[in-house]
Amino acid sequence: MQPYLLSLLSRSRRLFITLAKVMVPIMLVVRIADQMGVVEMASGVLTPVMSLIGMPPEAGLIWASCLLINIYGAVAVIAGLAPHLDMTSAQLSALCAMMLFAHGIPVEQAVVKKAGASFWATAALRVFSALFYAALITWISRHTGFLAEKIDLSWMAANVDDAANQAGWAGWLGWIEGTVYSLLASFAIIAGLLVLLDILEKTGITERFTTALLPVLRISGLSRDAAPVTTIGILLGLTYGGALIIDEARQKNFAPRTLFLSLAWLSLSHSLIEDTIIMLALGANIWVVLVGRVVLTLIIMMLLARFTRRWQSTPSRPLEEQTQGTGPV
């Protein structure tokens, strides 16, 4: 037991240091940029785009906060604008879907780059997918009346938390406290996920689960080796899934195409549990923010799998052949 605990501590520490080296500098830059008004500048750029896809102008500021900071920052902006927001249920659901597709780009795509995929390619994939999906939802609503009823967000106005927006040392101390808490929580979660992966591997659940996923794997282009860690990231979050992929890639020497497809999937759809619940709490429609988003992700993955076949630099057995083995490939 002791050798395993020492090995677990070593693996967790190595992954945590890898993530911290990426996350902390980016988080600091984002904080400084936010204080300098970069979010407002981005909002000015995005506002005309919002009108083109059938969204109110306030959506530009909300999504800019989401893109550069995170979902929670965007929720705070929504709360601040709540008394003045004039949106239909379709527009709110489309905005929430955009936030789920593309948020925390500086930090999350830095993790993706560290794991082995292009920062800019995966970031662009997230942004354009978000815009396309939002435009599709608002177009359907405008022509069919789907989710056309007005929504009332005034109930959020009393719950605005201005701690993150405080000026001076108070704001910075709050930011440092939150960052330290996030890093400590990240270390604990990484250790827990490594234990979970080991348990799933030893009990054979990983193999059975991967076999059950084969129909999805066939159309997405993922290998069996990448499926378990990708699935964890899809359910819990890109940061943790990316950390596990970093570890697995070192051990199993994933092909570049496998890394790209796995990280592209994680970039588009991750943290399906926690983040989706937040959007549902705001009043978003589950068919838009969960079902439709997952379907679009699978369609995009099918296309990416087809277009990236020529990238495969190392020969690999087809999934049909892999199923004939009794253990991991």
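Helix α15 (residues 286-307) is the main contributor to a nonpolar surface patch, giving seven residues. The model is predicted.

**The patch.** Its members are Leu280, Ile286, Trp287, Val291, Val295, Ile299, Leu303 and Phe307. Together they have about 740 Å² of accessible area. Leu280 sits in helix α14 (residues 274-282). Its relative accessibility is 31%. Buried means under 20% and exposed means over 50%, so Leu280 counts as partly exposed.

**The enclosed helix.** Helix α13 covers residues 256-268. Of its 13 residues, 12 are buried, so α13 is largely enclosed by the rest of the structure. The buried set includes Arg257, Thr258 and Ser262. Leu259, Phe260, Leu261 and Trp265 are also among the buried residues of α13. The length of α13 agrees with expectation: at 1.5 Å a residue it should span 18 Å, and its end C-alpha atoms are 18 Å apart.

**A loop residue.** Ser223 lies in the loop between α10 (214-220) and α11 (227-236). Its relative accessible area is 19%. The cut-off for buried is under 20%, so Ser223 is buried. Ser223 and Leu261 are separated by 38 residues in sequence. In space, their C-alpha atoms are 9.3 Å apart. Leu261 is one of the buried residues of α13.

The two residues with a stated accessibility are set out below.

Notes: Residues are numbered from 1 along each chain as its sequence is written. This is a predicted model: local features need pLDDT of at least 70, side-chain atom pairs count only at pLDDT 80 or more; totals for chains, interfaces and linings use all residues. Side-chain values use heavy atoms; hydrogens and water are left out. Helices (H or I, at least four residues) and strands (E, at least two) are DSSP runs, numbered from the N terminus. Buried means under 20% relative accessible area, exposed over 50%, partly exposed in between (1.4 Å probe, protein chains only). Patches are made of residues with over 30% relative accessible area and no salt bridge: like charges are joined within 9 Å, nonpolar side chains (Val, Leu, Ile, Met, Phe, Trp, Tyr) within 5 Å. Accessible areas come from the Shrake-Rupley method with a 1.4 Å probe; for residues, only the protein chains shown count as cover. A salt bridge is a side-chain nitrogen of Lys or Arg within 4 Å of a carboxyl oxygen of Asp or Glu. The expected span of a helix is 1.5 Å times one less than its number of residues.
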